[in-house]
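Please view the sequence and the model first.

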Amino acid sequence: MSRSRKGLLRSSAALSLMLSLTLATVSLTHNAYALSELRPAQNPSSSESDKPADKQQPVEPEAIEGDSDGIPLPDPLVNRSSGQQTAPQQNDAPQISAQIEHDISKAPEPVRRLRQLIIDAASTGDIEKLRPLVNPGPNQARVDGDGEDPIAALKSFSGDPDGLEVLAIIIDLLSTGYAHVDVGTPDEMYVFPYFAGKSLTTLTPPEKVELLRIITAGDLADMQEYGNYSFYRIGISKDGQWKFFTAGD
């Protein structure tokens, strides 16, 4: 080979080597720049709380004790850990203990007899017809009102001067069932109407209709606030004596 051709080959080889070195340098420089833009590796054991507030992941609703809005749920009625049930709130109305009966035939004969005598006397429209039935004397029936005369006291309850209204009320009271109270004691009594021995919060619709034959709807609303009947009532002892005509609880 001629001397000039060998020189040309050396020059070409040198040029190729220089070009290869240049490309390698450029490649390394490019790779170094690309690696510098990578974010640092995350430590999987790092706590979520170590992150800035705006970078933390939101807590899923299921992680909050409560409903989907995070509102705490009420305590369960049944405590499954003990098997006991939470007791419901008790009604503040006093509990009345009495035997309620709608069938007058189940009352003792003396009670039935006096009841009918009172109804018959009141039906005449003459309030004086009740005088012998109030048992004048030391065991006279107690009638709320002014004075010692029970008939005058009864008449004072009436909206008319002759006592006709109170006579109608007496018939209405005795036309309902009765409450048998204080059974087996000296104070055992048959009280009309039976509402006197029953909480008004337990009345059925038919019983409310029956009560509204005696009192007004306004009276009923007032009584339901306290839970007890507080209108007039009649008490008859088991031996057939008229014991009282009174109002209140």
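The points below go from the whole chain to single residues.

The model is predicted: local features need pLDDT of at least 70, side-chain atom pairs count only at pLDDT 80 or more, and totals for chains, interfaces and linings use all residues. Residues are numbered from 1 along each chain as its sequence is written, and side-chain values use heavy atoms, with hydrogens and water left out.

**Overall fold**

- The protein has 6 helices and 8 strands; these are DSSP runs, numbered from the N terminus, with helices being H or I of at least four residues and strands E of at least two.
- Read from the N terminus, the order of elements is α-β-β-β-α-β-α-α-β-β-α-α-β-β.
- The protein has 249 residues, of which 27% count as buried (buried is under 20% relative accessible area, exposed over 50%, partly exposed in between, with a 1.4 Å probe and protein chains only).
- Of the contacts between residues at least 6 apart in sequence, 51% join residues at least 24 apart, where contact means heavy atoms within 4.5 Å.

**Helices H2 and H4**

- Helix H2 spans residues 109-123 and helix H4 residues 164-174; their axes come within 9 Å and cross at roughly 150°.
- H2 is therefore roughly antiparallel to H4 (angles under 35 degrees count as roughly parallel, over 145 as roughly antiparallel, 65 to 115 as roughly perpendicular and the rest as oblique).
- Axes are lines fitted to C-alpha atoms, for helices over the stretch in contact, and angles run from 0 to 180 degrees between N-to-C directions.
- On the H2 side the contact is made by Arg-115, Ile-118, Ile-119, Ala-122 and Ser-123, and on the H4 side by Leu-167, Ile-170, Ile-171 and Leu-174.

**Leu-164**

- Leu-164 lies in helix H4 and is partly exposed, with a relative accessible area of 44%.
- Apart from neighbours within four places in sequence, Leu-164 is in contact with Gly-125 and Ser-158.
- Leu-164 and Ile-127 are separated by 37 residues in sequence, and their C-alpha atoms are 7.4 Å apart.

**Arg-233**

- Arg-233 is in strand S7, which covers residues 233-237.
- Arg-233 counts as buried because its relative accessibility is 8%.
- The side chain of Arg-233 reaches the backbone oxygen of Tyr-229 at 3.0 Å.

Conventions: Polar contact = N/O pair within 3.5 Å; in protein donor to acceptor, adjacent residues only side chain to side chain.
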